[in-house]
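Trainee: I would like a close look at one strand of this chain. Please start with the whole and then go in.

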Amino acid sequence: MDRVDALVIGAGVVGLAVGRALARSGLETIVLERADAIGTGTSSRNSEVIHAGLYYPQGSLKARLCVQGRAQLYEFCASHGVAHRRCGKLVVATSAEQHAALDATRAKAAANGVQLQWLTPAEAAALEPALRCSAALLSPETGIVDSHGLMLALQGDMEAAGGALALCSPVLGLRCGTDGHVVAVGGEAPMELGARIVVNAAGLWAPALASATQGLAAQHVPQGHHAKGNYFSLAGRAPFSRLIYPVPEQAGLGVHLTLDLAGQARFGPDVEWLPPGAPDAIDYRVDPARGESFYAEIRRYWPGLRDGALQPAYSGVRPKLGGPDSAAADFVLQGAETHGIAGLVNLFGIESPGLTACLAIADEVLASIA
């Protein structure tokens with residue numbers, strides 16, 4: 001049986017960042033990916049936003065790793081030629097009743113070390129004339145990034161450090177041992193690989209993989225939940241240069257306006273809870289009828305949206321650790337201090353701001369196995 005120092009399961013943005021960190025630390029590393037390309041899951045089905053760190057409870061992993069990771073990500077993109085733009089965003093209230101929620105967001109951001117500027121309607125309109133609001137918060141540190149370009153750069157760094165990527169390599173199971181772990185890999189040439197370190201960065205598949213891990217007690221395997229988010233694109237150019245977000249909701253950040261690097265606007269995601277089931281069975285098609293509810297939500301802050309201007313774009317699924325009636329859960333970076341298995345790290349519930357925090361998450365994983 002072939003052995004390496006480290007195996008990372010999942011070649012999304014977090015798995016690639018972890019593989020890069022392990023390889024650069026001198027460990028012989030392979031990243032295993034079930035699909036035939038990198039980042040085909042959650043990493044390529046999101047808003048591509050670099051978050052500032054506004055929404056997360058003080059002291060949470062999401063708060064700390066988002067703020068830390070955002071600074072790292074801007075530096076990485078600049079040094080590696082990854083397309084990005086620090087465009088800023090406005091979080092908007094559309095009625096006086098929402099001002100308390102807006103002020104709570106500002107206080108939460110300040111606790112995380114993120115400063116926001118409160119804007120009057122006139123000040124907001126001076127920045128974005130098409131916007132209607134009763135108050136807004138300006139976040140200058142928010143940006144957008146080419147997520148695929150980012151993943152290619154992470155892969156390139158990993159391979160330059162001696163790491164390898166194995167596509168079409170689904171992991172069927174994992175056996176944990178005191179002197180290392182054995183990963184069963186399927187595909188055209190099924191095999192077993194031994195490794196001292198195994199990182200479960202399988203995203204939507206992470207809880208199922210943990211369930212298939214021999215030696216990991218069931219109490220350490222969380223129940224995963226899938227929340228689908230549908231996006232609609234705007235026909236024509238949007239009259240905004242910044243991202244526009246409503247006040248946050250329990251399961252997400254509301255139907256917000258984001259921009260890609262070419263200036264094309266897209267709206268979403270909404271929240272569509274999926275029934276329990278394997279991630280392989282997820283239907284990523286966007287029901288055009290869901291767009292009808294978008295118009296009313298968007299017109300609260302952009303009354304100029306014309307009828308028929310939205311068209312189905314794409315969807316993504318959030319790997320959540322709580323259901324529709326649960327409070328938002330934090331990231332879970334589960335290592336030996338929790339489950340008692342040296343060299344095994346499980347990453348659960350890595351939804352937003354996972355893209356922003358990917359480099360910080362990788363540093364955290366590396367520190368946990370040092």
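**Strand E21 in its setting**

Mentor: The chain has nine helices and 21 strands. Helices (H or I, at least four residues) and strands (E, at least two) are DSSP runs, numbered from the N terminus. This is a predicted model, where local features need pLDDT of at least 70, side-chain atom pairs count only at pLDDT 80 or more, and totals for chains, interfaces and linings use all residues. Residues are numbered from 1 along each chain as its sequence is written, and side-chain values use heavy atoms, with hydrogens and water left out.

Take the overall form. The C-alpha atoms fill a box of roughly 65 × 40 × 40 Å along the principal axes. The radius of gyration is 21 Å, which agrees with the value near 21 Å for a compact globule of 370 residues. That radius is taken over C-alpha atoms, and the globule rule is 2.2 Å times the number of residues to the power 0.38.

Next, burial. Of the 370 residues, 54% are buried. Buried means under 20% relative accessible area, exposed over 50%, partly exposed in between (1.4 Å probe, protein chains only).

Contacts come next. Contact means heavy atoms within 4.5 Å. Among contacts between residues at least 6 apart in sequence, 72% join residues at least 24 apart.

Now go in to strand E21, residues 344–348. Five of its five residues are buried, so E21 is largely enclosed by the rest of the structure. In a regular strand the side chains alternate between the two faces of the sheet. Look at both faces of E21. Leu344, Asn346 and Phe348 are buried on one side. Val345 and Leu347 are buried on the other.

Which strands pair with E21? Two strands pair if DSSP finds at least two bridges between them. Strand E12 (residues 191–200) runs parallel to E21, joined by three bridges. Strand E20 (residues 332–334) pairs with E21 in the antiparallel sense, also over three bridges. Strands of a sheet pair through backbone hydrogen bonds, either parallel or antiparallel.

Find Asn346 again. Asn200 has Asn346 as its bridge partner in E21. Gln334 stands opposite Asn346. Asn346 is also one of the buried residues of E21.

For another example of pairing, turn to the open sheet of three strands in the order E3-E8-E4, with antiparallel pairing. Its edge strands are E3 (49–50) and E4 (84–85), and each pairs on one side only. Two bridges join E4 to strand E8 (residues 143–145). There, His84 has Val145 of E8 as its bridge partner.
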